[in-house]
Amino acid sequence: MRAAVLHEIGQDKLEVLDDVEAVGFGPGRVRVRVRATGLCHSDLSAMAGVLPQPAPFVPGHEGAGEILEVGDGVSHLKAGDRVVVCWLPACGVCPACKRGQTELCLAGFMNAGTPNFRRPGGSPSDVFGFAGTGTFAEEVVVDAGCAVPIPDDVPFDIAALIGCGVTTGLGAALNTADVEAGSSVAVIGCGGVGISAIQGARLKGAAEIVAVDPVVSRRESALKFGATRAVSPDELADAKQQVTGGEGFDYVFEVVGRSATARTAYENTRRGGTLVVVGAGAMDDFLQLNMFELFFDEKRILPSMYGGGDVLRSYERTIALWRAGRIDLNGLITHRVPLTEINEALDQMRTGAALRTCIEI
């Protein structure tokens, strides 16, 4: 089987190998033939060591495909079913799930330390899958809860986006922030997740949506997806003055995952406003706030994990909005490459040339 493997953390290129086997099939598990997968910035972060992930590993967690085989005890899926891969499934029984905060369930993370793949002649032979999945491969074996059925009219490439980036960005605006109609919004970082946050703010009726990104093409794209204006980071102060009279935005979304941009987002949020932290950052990157400003400004700081809501419900809502033409998912896919050209996709992400690259497998 073909898969793209990172041998050591810190390497910037993947090696596409033909001798990888998907392992772990058994009771409660399913084998999925991956048909399409998106490249998310979290994959790059794991490769660089920003997000913890044992190596060697197969990146990819934003995928869709069809069921090849189901293990004993799996009754809701069968061979041939079309599914989206969910990297953060809810167990339904832990305290977080019982509180209705299924996005905080840790069951899925328990799989990250178990190898998903094997190379019979490799050294080491065990290969992990990023976030317990690893969709940069022709096949993957996951818990049945990680394979969520999708309707036949949803193409695999669209379904793949719903598996992470779109759910994360839309949910940040719809669930976590619950953006108020008529409000002012700024989104810092306008890749696939940021663009999805912009679409969510537009759906909620935000009056002004300012897209902030250093890449010209991404700023131009943001305007097509609902931003009312798009600026470079250096122009944010002027936009704040023009849109809010210098007071600050009602909502600011940080979709980069760095303390520096989170601090910028905080400073551009009005007193009493809401900062939503969407980007996944490093454990040793600390955001500094002094106790006086934290008390005096009364700004809400809301982290948003995987869209901050029930994942299955979010998937269904996204499909309904897409069917109705209320959100544009097709336009998010700016590049397509086969798995053999995965390193080209990495370059597209690093330079900002792509909103989302679809890897066709």
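In this predicted model, four of the strands come together as an open sheet, and reading across it gives the order S3-S8-S9-S5, with mixed pairing. The edges belong to strand S3 (21-22) and strand S5 (57-58); each of these has a single partner strand, so one side of each is left without a neighbour in the sheet. Further in, strand S8 (residues 117-118) and strand S9 (residues 126-129) run antiparallel and are held together by 2 bridges. Within that pairing, Arg118 faces Asp126 of S9.

Stepping back to the whole chain, the protein contains 11 helices and 19 strands. Its C-alpha trace stretches over about 60 × 40 × 40 Å along the principal axes. The radius of gyration is 20 Å, which agrees with the value near 21 Å that a compact globule of 361 residues would have. Buried residues account for 55% of the 361 residues.

UniProt, in an unreviewed entry, lists residues 10-355 as "domain: Enoyl reductase (ER)".

Turning to the aromatic side chains, the pairing rule picks out 3 aromatic pairs. One of them is Phe292 with Phe296: the ring centres are 5.1 Å apart and the planes meet at 15 degrees, so this pair counts as stacked, the cut-off being under 30 degrees. Both residues belong to helix H9 (residues 291-297), and because they are 4 residues apart there, about one helical turn separates them. Phe292 has a relative accessible area of 55%, so it is classed as exposed, the threshold being over 50%. Phe296, with a relative accessible area of 42%, is partly exposed.

Lys299, for its part, lies over the face of Tyr266, and here the distance to the ring centre is 4.2 Å.

Ser196 is part of helix H5 (residues 192-203). Its relative accessibility is 1%, and because buried means under 20%, Ser196 counts as buried. With neighbours within four places in sequence set aside, Ser196 makes contact with Gly165, Val166, Gly169, Leu170 and Leu332.

Gln348 is found in helix H11 (residues 342-351). Here the relative accessible area is 9%, and Gln348 is therefore buried by the under 20% cut-off. Residues up to four places away in sequence aside, Gln348 touches His335, Val337, Ala353, Ala354 and Thr357.

Notes:
Residues numbered from 1 in each chain as written. Predicted model: local features only at pLDDT ≥ 70, side-chain atom pairs only at ≥ 80, totals over all residues. Heavy atoms only, no water. Buried < 20%, exposed > 50% of the residue type's maximum accessible area, 1.4 Å probe, protein only. Contact = heavy atoms within 4.5 Å. Phe/Tyr/Trp six-rings, centres within 6.5 Å; stacked < 30°, edge-to-face > 60°. Lys NZ or Arg CZ within 6 Å of the ring centre and 35° of its normal. UniProt positions renumbered as here; feature names shortened; annotations may be inferred. Pairing = 2+ DSSP bridges. Rg over C-alpha atoms; globule rule 2.2 N^0.38 Å.
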